[in-house]
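Thanks for coming. I will take a few minutes to walk through one model, so please have a look at it first.

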Amino acid sequence: MKHSVTPKRRQGAALKAPRKAAAKPAVEKVSQRGAKSQQTRFSSRLRAWGRHHRSMAWDSFQRLVRYPLGNLLTMLAIAIALVLPAALWLTLDSARLLDAELDESATLTVYLELSTDDAQASRIEEAVSAEPSVLETQMISAEQGMAEFQQSLGLDDALAGLDSNPLPISIVVRPESVDPGTMQQLANTLEVLSGVDEVRVDLAWVERLRNLAELGRRVALALGALFGLGVLLVVGNTIRLSVESRRREIEVVMLIGATHAFVRRPFLYSGAWYGVGGGLLALALLSMGNHWLSLPVAALAASYGASFSLPQLDVTGSTILLSCSTLLGWLGAWLAVTRHLSSIRPR
């Protein structure tokens, strides 16, 4: 038997089809509305997070201003811990500048035989200049050498009675490289030239200065690490006392569901403020020390016929010092609060 579809069933099927088709836009509208509401909730949470950070930063700053003397002493202790390695680093920086000037003045002196005349000396100078590792040469005659010797020692009357000039013609050689091994190899090459009596290389004092500079850099790094640890201890102890004084408040906010990050936030800003204040005081102390020592150092350098000025922290150095002090303050606060929050249990 065949089943036939009545007109009523056809009409029912036709009526049901548009309802199914019309249900799809409704689902799309609901999904779009949910995405917009989720985006709105995220943006509102982000704004609330930013407002809380601003309020905690301002509240922690007001708490520091409320007790200026004790907090100033804490910042001064941080500043002293930062000044010592910074001052040593500035001293090493001036030593590096002096080392660069000494590299430019590092030369070899080629002494010719006493029987060498001016023509032979000129040929020897051309042969020395032809060496690939020689940057510049300067010939000094016997008369010029005697005049410089008399002027440096102040023995004009004593040396004026000599029958003949005992000094030979010399050639001052400026090498391309101031490496001791390279300069010694160049000296060995020049000594075999005809008419050369002696090649003198005096780099022992340069090597001693470089060794002292390397030792100073390592000492500065070690002192920086030790005093940085001291800053962590100072800030950590101060924040620990602050946490203990607000223990009841912390227990109350943890009872109503506050997270450790929420509780930790104002103390982290306090540590950062301690670091900023200590860094600013350190910059002020460095500037005062530089101004106080600049005149005696300049007078001492002038007595040796030289000009020297104490180096100062530029914008980059000041930014690095402030960043390090702020980071140390924040890290010290984070360590102290994290350690004490683990022992606080709301009752």
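Let me start with the pocket: helix 2 gives the most to the lining of the largest pocket, with 7 residues. Before going on, a word on where this comes from. The model is predicted, so local features need pLDDT of at least 70 and side-chain atom pairs count only at pLDDT 80 or more, while totals for chains, interfaces and linings use all residues. Residues are numbered from 1 along each chain as its sequence is written, and side-chain values use heavy atoms, with hydrogens and water left out.

Back to the pocket. Its volume is about 530 Å³. A pocket here is found on a 1 Å grid over the protein atoms alone, as an open set of points where a 1.4 Å probe fits, with protein on both sides within 12 Å along at least five of seven lines; lining residues have an atom within 4 Å of a point. The volume is the space filled by probe spheres set on those points, which are joined across faces, edges and corners.

By class, the lining has 13 nonpolar, 4 polar and 3 charged residues. In that count Ala, Val, Leu, Ile, Met, Phe, Trp, Tyr, Cys and Pro are nonpolar, Asp, Glu, Lys and Arg are charged, and the others, Gly among them, are polar.

Now the chain as a whole. Its secondary structure comes to 10 helices and 4 strands; these are DSSP runs numbered from the N terminus, helices being H or I with at least four residues and strands E with at least two. Along the sequence the pattern reads α-α-β-α-β-α-α-β-α-β-α-α-α-α. Of the 347 residues, 30% are buried. Buried means under 20% relative accessible area, exposed means over 50%, and partly exposed is in between, with a 1.4 Å probe and protein chains only.

The UniProt record, an unreviewed entry, places the feature "transmembrane region" at residues 72–92, 219–239, 272–295 and 315–337. Such annotations may be inferred rather than shown by experiment; positions are in the numbering used here, and feature names are shortened. In the model, residues 72–92 are 100% helix and 0% strand, with end C-alpha atoms 30 Å apart. Residues 315–337 are also 100% helix and 0% strand, and there the end C-alpha atoms are 33 Å apart.

Gly278 sits in helix 9 (residues 260–303) and is buried at 0% relative accessibility. Gly278 and Leu321 are 43 residues apart in sequence, with 9.9 Å between their C-alpha atoms. Leu241 belongs to helix 7 and is partly exposed at 47%. From Leu241 to Ala336 there are 95 residues along the chain and 9.6 Å between C-alpha atoms.

Next, helix 8. Within residues 247–255, Ile250, Glu251 and Met254 are buried. Seen down the helix axis, the buried residues fall within an arc of 100°, so they line one face of helix 8; the arc is taken from the directions from the axis to the C-beta atoms. The face turned away from the buried side carries the exposed residues Arg248, Val252 and Leu255. After helix 8 comes Gly257, whose phi is positive, near 105°.

Last, salt bridges. How many does the structure hold? There are 9, each being a side-chain nitrogen of Lys or Arg within 4 Å of a carboxyl oxygen of Asp or Glu.

Arg247 is partly exposed at 26% relative accessibility, whereas Glu251 is buried at 7%. Salt bridges that share partners join Glu244, Arg247, Arg248 and Glu251 into one network.

Another joins Arg174 and Glu136, also at 3.7 Å, N to O. Arg174 lies in strand 3 (residues 170–175) and Glu136 in strand 2 (residues 134–140), so this pair ties together parts that are 38 residues apart in sequence. Arg174 is partly exposed at 32%, and Glu136 is partly exposed at 45%.

That is the tour; I will take questions now.
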